[in-house]
Amino acid sequence: HYLDRGHAFWVAGQEEGAIIGTVALECFPALPGAPGAALIREETVRLAGCDCALERLYVHPQARRQGAGRMLVQTVLDEARRRGCRHLEIWSDQRFLAAHRLYASFGAVTIAERICHDPDHSPEWGLLLSL
């Protein structure tokens with residue numbers, strides 16, 4: 001899905017071949033407005049000024065707190081910068097406190113909140129990370 005649309009997707013694995021995590025980078029034309037503001041785009045709250053998004057960060061529970069998540073986020077940031085992106089949006093379920101601390105350690109700041117269009121209608125934080 002991501003690769004077919006010109007985005008990027010990575011899988012982290014252990015030496016034995018077990019998959020322990022994933023992450024994706026989605027790139028798009030910059031959303032209107034100044035970074036640091038929220039806007040409604042196609043009936044969804046988005047972060048103004050963003051031209052890319054971190055997506056699908058998952059780390060297997062047994063592999064957490066060992067650096068895999070940090071490595072995956074760094075990979076996305078490096079690729080976004082390589083592509084000339086300037087502002088990254090991250091939407092994260094409000095329950096994922098460890099993920100929010102990880103994003104904050106890279107400089108992400110919480111800008112907005114929304115209800116996800118998933119079956120649980122999960123509340124999410126919108127974080128902005130300037131590249």
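## The largest pocket

In this predicted model, the largest pocket holds about 1400 Å³ of space, a volume being the space filled by probe spheres set on grid points that are joined across faces, edges and corners. A pocket here is an open set of points, on a 1 Å grid over the protein atoms alone, where a 1.4 Å probe fits and where protein lies on both sides within 12 Å along at least five of seven lines; lining residues have an atom within 4 Å of a point.

The lining of the largest pocket counts 41 residues, and R56, L57, W91, S92 and Y103 lie nearest its centre. Strand β5 gives the most to this lining, with 7 residues.

## Strand pairing

Strands (DSSP runs of E, at least two residues, numbered from the N terminus) pair if DSSP finds at least two bridges between them. Strand β8 (residues 123-130) pairs with β6 (residues 87-93) in the antiparallel sense over 7 bridges, and I90 has L127 in β8 as its bridge partner.

## Notes on the model

Residues are numbered from 1 along each chain as its sequence is written, and side-chain values use heavy atoms, leaving out hydrogens and water. Local features need pLDDT of at least 70 and side-chain atom pairs count only at pLDDT 80 or more, while totals for chains, interfaces and linings use all residues.

How values were computed
Helix = DSSP H or I, 4+ residues; strand = E, 2+ residues; numbered from the N terminus.
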